[in-house]
Structures are given as structure tokens and as C-alpha cells.
Amino acid sequence: MSNTTGKAMNRSTAAEFGCTKQERPVKILQFGEGNFLRCFIDWQVDILNEKNGLDAGVVVVRPIDTDFPPLLDTQDGIYTSIIRGYDDQGELKNEKRLISCINREIPIYKEYDEFLSQAENPQLRFIVSNTTEAGIAYNPDDKYEDRPQSAYPGKLTRFLHERFKKFGGSADSGFILIPCELIDYNGDALKEIVLKYAALWNLEPGFVSWLENHNTFCSTLVDRIVTGYPRDEVEELEKELGYKDNFITTGEYFHLFVIQGPESVGKELKLEGSGLNIKLVEDLKPYKQRKVGILNGCHTALVPVAYLCGIELVKDAVENKELAAFIQNLLDREIIPNLGMPEDYLKDYAETVLGRFRNPFINHQLLSISLNSMTKFKTRLLPQFLEYYKSNASVPPLMSLSLAALICFYRGTLDGKEYPVNDDKPFLDLYEELWAEDPASIEDAMAIADRILSLDDHWGVSLKSLEGLHRKVGEDIYKIITNGMAATLEEYL
């Protein structure tokens, strides 16, 4: 059986970093070695170990077949997190921390038996993951005897069955599972797929009963911008730190971790008094609505307007007087009043979001946020759009302007220069057809608006039926193409 702290490691890295590597009992199995988990989950575990006595070591499982980057073992599992941004008092923070809670990393495609052997550790209690949104997926071609299975839930089901066999399905051998993938109710989705694998592989009823009764699948909401390895400033940072670190990871100061689960989860994680922004709740839906509506909604509304004004970074957009007014008015008049939650609660969060947007250490490219903007507008802005229309019997002017700007953004050119537009092929093909020629008249612009507003299957509602929207979007498209985005925005402000 594997020991509970992982295999012995090289002490030289700890000495070079000026710290002592404390071996802790492995209580957490982590699927994913990427920057987000290391700057979010492992950063919090390290603080809980230090402040609250969690005393948890982490074994990381590399769930994909790649040798790059090198294993964390090459640095004794130690690396530096650099957390920067504005705190709640508006003070700019720059905090560096050596993270030492990771005991080892297992490359599952090369050390499958070692991976399975972790199920033998009686102290192992938590399983966390971030295998991207596509990671929580079912592959009916996965087989029990595969080494490993292709999909993350397949790997997990095989591991859980190994645990079940080792401890005879005892009540105290179950896990608390905390997925961090960015899908709605990720814990419920993961459990559903694990049960599908159990059925696919004809695993015994006792295993299914153990899954259902002695394992806790928590759904979560995670919120932190992680910028990862600071390639452009690493030499300067390593000079400041006094050592070379191949796994430095950087992120914003703000963090929020919402876990939907029983109170016992918080007690086992020793959350009380930690100072971390971790919330244990019965239902994470209000937090999800707030984040999607305010943070993601502002991003989606801002991208086409700011980019067509010639701005490339979020922080530069919110420092621009006109764009800052656009976002503030959008929040105050069209988003916050239509989210159906207490205004003070939403305004406090909105202030935090605007502070995050201004973070001078985050070079957040507008183009990187623009991926799949047609779907993002539908999920992030359209609910508030429709609620505004219902309450006011008119279309929201700023969200309508953003929709017109979005349609113009898919034109793919600005001042004679092309820029990349990324979305599903049917949308790209449609826009290529619509923007074969610029509108020569307002009637041409209205025709473009008509095609996009008529995508009822996409929008899930008839936008053409909203009185005044077709004309407004068509007029704004014509103004943006004829006069430019900045001049069009100025009319609204």
C-alpha cells in the first residue's frame, strides 16, 4: 500500500526556496495540475493547513497524457503563488506565498497502478477536480479494464470502485467530492455520470448503494481570475524572490468559493475563522445568478463596445471615461434592478467587480473574452434584457446598443485591419454572409439586424416580437458602421 504522505522527494528545492517541506498525510486527491487549481484550491488548502490545522497533503493526478509541463515533483511539489489586486478597502495588494501542501504528482497514463493504490489510503477524504468544462463528460466506449479510461468521470468511477472493494463499502470510506469545472451544478452532473458508468460496467448494487449513501458530491461555484505563469515578468519576479521557480502562478486578489453541501463539509475542511472567502450554502443558485449577471454580463456587454472603440484590455476599458460610464449605467439601470435580489447585496458585489476590472496586474484581453459571444449574450445578458422589457414596456437602451455592437464585432475588421472572431461555425458562416458588404443604407442595416434577431432557436425567444428592438438595433448598427463606435456611444452618455 502507498504511504499516506506520498513518495520521498528531493529536499534541495525546499532549501533553495528557503523553506522546510513538511510532509502531511494525504487527505486530498486532486485531478488536474493546472494553474487554476494551484492558485485557487491548493492556495486555500495551504492557508487552512497553516491557520486552522487542516493538516492535509495533496496528491495531484495528471489526467491527460502529456510530459509538459514537467511533474511538480521536480520542485518537491513546492511553488510560489503571487496574488495581486485591490482588497475590500481599495488598497492594492501584492502577496507572495510558497505553497507546500502538494506531496506528489502522479502521471496517470504512466503510473496507473500507483494512481489506483491511492484508494488504499484510509486518511484520503476529499477528491477535487478541474478538468475543464468538457471534462465532466460520459464516453460509452470507456471500459472498466482500460488503463486509464479516457473521460475523467470514467477514471473516477474506476477509482471509487477500487475504494469500495478495499474497504468493503464501509460508511467511513466514502469521499467528499468537490468538482470545480465551470458547469451548472457540477457535483450533480458528476454523480449522474459516475452512476452511468456503474450501470455501463454492470458494477454490483452494493457499490451503487455505497456511492449514493456514503459519498457527498458537492456542487460549486469558483471565482478567481488566474493569469498563470508570468512569462513576461518572470525574470524580474525571480530576482525579487531570490530563487528560480518553474511553477510560479499568478492570480487576482479576489477569490470566492461557494460549496453547496452539508455543514459537516465545512467542519471537516476547518473553514471557521480561516479568513478565506469560502461559503458553504444549501443552494448556490443566487451566487451563480449574481456572478453571471454582473461579472460575466459586464464582460459580455463591454467586449464589443470597447474593442470597437480601439481598446484591447479590460483594465484600459474601465479607465476610459465614456466606457466606465457605460458600464456603471448598465449596472445601475439595466442589470442590477432586473436580477431579482436585494440591491445592496448586488451593488456591493458590483463594486468589487469593477475593482477587479481595474486590477493593474491583470492584462485581460477583450478578444479572449469574446469566444462564443453569441451564446454568452444569451446566457449572461438576455435574462436581464427580457426582465427589463417586461417591467418597462421598452427595450433596455444600453444592452440593445451592446447587441448592435456585438453584431458589428462579428464583421471582423476595424479600421481596415482584421482581428480573429471565434464562435461556432454556423454563426461564423452567417456573419460572413451578412458582412459581405457594409450596409449602404439604414435599410441594409435593418436587414442585418432582422437576420440575427430572427434566430429564435438560438435565443429561445422571439426577439423580433419585442417592440422597438428591431429598429433600434438596426439604427445602431448603421451608426456604428457609419460614424464609429465611440461617436455612437457618446450619444447615449
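**Confidence**

I began with the predictor's confidence in each residue, pLDDT, which runs from 0 to 100. The protein averages a pLDDT of 95, and 97% of the residues score at least 70. This is a predicted model, so I noted that local features need pLDDT of at least 70, that side-chain atom pairs count only at pLDDT 80 or more, and that totals for chains, interfaces and linings use all residues. Residues are numbered from 1 along each chain as its sequence is written, and side-chain values use heavy atoms, with hydrogens and water left out.

I then looked up residues 1-11, where pLDDT stays under 50. For this stretch the model has 28 contacts beyond four places in sequence, a contact being heavy atoms within 4.5 Å.

**Strand β2**

I took helices (H or I, at least four residues) and strands (E, at least two) as DSSP runs, numbered from the N terminus. For burial I used relative accessible area with a 1.4 Å probe and protein chains only: buried is under 20%, exposed over 50%, and partly exposed in between.

Six of the six residues of β2 (residues 57-62) are buried, so the strand is largely enclosed by the rest of the structure. I checked its two faces separately. In a regular strand the side chains alternate between the two faces of the sheet. On one side of β2 I found Gly57, Val59 and Val61, on the other Val58, Val60 and Arg62, and all are buried.

Next I looked for its partners, counting two strands as paired if DSSP finds at least two bridges between them. Strand β1 (residues 26-31) runs parallel to β2 and is joined to it by five bridges. Phe31 has Val61 of β2 as its bridge partner. Five bridges also join β2 to strand β5 (residues 102-107), again parallel. Here Arg62 stands opposite Pro107 in β5.

**A three-strand sheet**

I found an open sheet of three strands in the order β9-β12-β13, with mixed pairing. Its edge strands are β9 and β13 (278-281), each pairing on one side only. Between β12 (residues 256-260) and β13 I noted four bridges, and the two run parallel. Ile259 stands opposite Leu280 in β13.

**Aromatic pairs**

I paired rings of Phe, Tyr and Trp (its six-membered ring) if their centres lie within 6.5 Å; planes under 30 degrees apart count as stacked, over 60 as edge-to-face and the rest as tilted. The count comes to 20 aromatic pairs.

The rings of Tyr144 and Trp201 have centres 5.7 Å apart and planes at 80 degrees, so this pair is edge-to-face. Tyr144 lies in the loop between β6 (126-129) and α5 (152-167) and Trp201 in the loop between α6 (186-200) and α7 (205-214), so the pair ties together parts 57 residues apart in sequence. Trp201 counts as buried, at 13% relative accessibility.

I also looked up Phe164 and Trp210: their ring centres are 5.9 Å apart and the planes at 55 degrees, so the pair is tilted. Phe164 is in helix α5 and Trp210 in helix α7, 46 residues apart. Both Phe164 and Trp210 are buried.

Last, I noted a cluster in which ring pairs link Phe31, Tyr112, Phe115, Tyr152, Phe159 and Phe175.
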